[in-house]
Amino acid sequence: MKLLEERILRDGYVKEGNVLKVDSFLNHQIDIELYNEMGREFRRLFPGDTITKILTIEVSGIGIACVAAQYFHVPVVFARKSHSINLDDDVYTARVQSYTHKREYDIIVSRRYLTGEDNVLIIDDFLANGCAVNGLLELVRGAGATVEGVGIAIEKGFQEGGRLLRGSGIRVESLAVVESMDAATGAVTFRRT
Ligand code: 5GP
């Protein structure tokens with residue numbers, strides 16, 4: 001998506017540790033018009049009418065998922081991060097390794113909001129090694145729901161998450177795929193499809 005790529009080049013910057021910072025427009029201060037165009041694009045990429053729910057993970061996925069949901073006319077469910085073991089029977093749980101904070105945490109979603117009847121579109125801000133998306137997939141499977149696909153704002157294509165997910169047969173659509181980035185020079189390049 002050209003608009004997002006241009007914005008990354010203009011306002012994003014690369015930090016050591018393969019982290020792309022997009023705080024000024026995507027996940028701290030938010031450009032809602034950009035979110036709106038992203039939502040429209042997700043809808044174009046997933047045009048079917050079978051999706052019943054959008055699933056994301058707090059915090060940064062929520063805004064993107066909510067704006068996108070206005071094009072799908074379905075509810076958004078967000079997985080909560082829980083740092084203590086949850087013994088509640090009413091939730092599905094999965095364990096996720098945090099990319100940016102290098103620690104593990106559990107994510108939970110209430111059984112009430114994800115059921116075997118649901119066809120789920122997963123949406124998140126970044127795809128790196130795929131830990132967050134895999135955790136969300138585990139919740140979906142736990143509920144006996146069906147995965148319709150995964151929509152990502154920014155995929156770091158040089159990390160393995162996207163390749164592994166697509167290799168397992170999951171449809172992954174990313175609005176911008178970073179091919180390379182360099183903290184020393186600040187250079188970012190994108191994959192062309
Ligand atoms: P994964 O679980 O795929 O390894 O990493 C994805 C998660 O880590 C996303 O939910 C996102 O919050 C965070 N993340 C991974 N890479 C980046 C990055 O380069 N920049 C930012 N801002 N977040 C990232």
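This is a predicted model: local features need pLDDT of at least 70, side-chain atom pairs count only at pLDDT 80 or more; totals for chains, interfaces and linings use all residues.
A polar contact is a pair of N or O atoms within 3.5 Å.

**The ligand**

The ligand is surrounded by 16 residues, and the closest of them are Leu20, Ala128, Asn129, Gly130 and Ala132. For Cys131, a backbone N or O atom lies 3.1 Å from an oxygen atom of the ligand.

| Residue (backbone atom) | Ligand atom | Distance |
|---|---|---|
| Cys131 | oxygen | 3.1 Å |

**Helix packing**

Two packed helices are described by the angle between their axes and by the distance between those axes. Helix α3 spans residues 32-45 and helix α4 spans residues 60-72; their axes come within 8 Å and cross at roughly 55 degrees. The two helices, α3 and α4, are therefore oblique to each other. The crossing in which α3 passes α4 is right-handed. On the α3 side, the contact is made by Ile32, Tyr35, Asn36, Met38, Gly39, Arg40, Phe42 and Arg43. On the α4 side, Ser60, Gly63, Ile64, Val67, Ala68, Tyr71 and Phe72 take part. By class, the residues of this contact between α3 and α4 are nine nonpolar, four polar and two charged.

Helix α3 also meets helix α1, which covers residues 2-11; the axes of α1 and α3 come within 10 Å and cross at roughly 145 degrees. Leu3, Leu4 and Arg7 of α1 make this contact with Leu34, Glu37 and Met38 of α3. Here the residues divide into four nonpolar and two charged, with no polar residue.

**Backbone details in two loops**

Two loops hold backbone features to look for in the model. The peptide bond that runs from Glu58 to Val59 is cis, and its omega is near 5 degrees. Val59 belongs to the loop between strand β3 (53-57) and α4. Asn18 is not a glycine, yet its phi is positive, at about 60 degrees. Asn18 sits in the loop between β1 (13-15) and β2 (19-21).

Conventions:
Residues are numbered from 1 along each chain as its sequence is written. Side-chain values use heavy atoms; hydrogens and water are left out. Axes are lines fitted to C-alpha atoms, for helices over the stretch in contact, and angles run from 0 to 180 degrees between N-to-C directions. Helices (H or I, at least four residues) and strands (E, at least two) are DSSP runs, numbered from the N terminus. Angles under 35 degrees count as roughly parallel, over 145 as roughly antiparallel, 65 to 115 as roughly perpendicular and the rest as oblique. A crossing is left-handed if the near helix is turned anticlockwise from the far one by less than a right angle, and right-handed if clockwise. Contact means heavy atoms within 4.5 Å. Ala, Val, Leu, Ile, Met, Phe, Trp, Tyr, Cys and Pro count as nonpolar, Asp, Glu, Lys and Arg as charged, and the others, Gly among them, as polar. A residue is near a molecule or strand if one of its heavy atoms lies within 4 Å of it. A polar contact is a pair of N or O atoms within 3.5 Å; within protein, one must be able to donate a hydrogen and the other to accept it, and residues adjacent in sequence count only if both atoms are side-chain atoms.
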